[in-house]
Amino acid sequence: MSGPLDTEAGTELFASHEADFKLVQADITQKLDQINELHGEPRKAAIRALERVVDEADEIVPLPHLPTFSGPSAAS
């Protein structure tokens, strides 16, 4: 029995996901460039839009979520 990526349909699915990811990647790059030029509320709105696009990319290629850094530890 062959796996789903051993078929032509699997290859087409991968190519489709790759194309989707490349579009999202270009959108992220464009939004990052815009953020560098903005200030105040427009910058905040652009950052929120960027976060939505990053979430979209995460749906296409889920990455393991890393723990967030909360600062120096009180215990030494």
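The structure holds three salt bridges, a salt bridge being a side-chain nitrogen of Lys or Arg within 4 Å of a carboxyl oxygen of Asp or Glu. This is a predicted model, in which local features need pLDDT of at least 70 and side-chain atom pairs count only at pLDDT 80 or more, while totals for chains, interfaces and linings use all residues. Residues are numbered from 1 along each chain as its sequence is written, and side-chain values use heavy atoms, with hydrogens and water left out.

**Salt bridges**
- K22 pairs with E18 at 3.7 Å, N to O; the two are four residues apart in helix α1, about one helical turn.
- K31 pairs with D27 at 3.3 Å, N to O, and these two also lie four residues apart in helix α1.
- E41 and R48 form a salt bridge at 3.3 Å, N to O.

**Exposure of the paired residues**
- K31 is buried at 18% relative accessibility, and D27 is partly exposed at 24% (buried means under 20% relative accessible area, exposed over 50%, partly exposed in between; 1.4 Å probe, protein chains only).
- E41 is partly exposed at 48%, as is R48 at 40%.
- Beyond neighbours within four places in sequence, K31 is in contact (heavy atoms within 4.5 Å) with A49, L50 and V53.

**Negative patch**
- D20, E51, D55, E56 and E59 form a negative surface patch (residues with over 30% relative accessible area and no salt bridge, like charges joined within 9 Å).
- Helix α2, residues 40-60, supplies the largest share of the patch, four residues.

Terms used
Patch = residues over 30% accessible without salt bridge, like charges linked within 9 Å, V, L, I, M, F, W, Y side chains within 5 Å. Areas by Shrake-Rupley, 256 points an atom, 1.4 Å probe, with all protein chains shown as cover. Lys, Arg positive; Asp, Glu negative; His and termini not counted. Charge placed at Lys NZ, Arg CZ, Asp CG, Glu CD.
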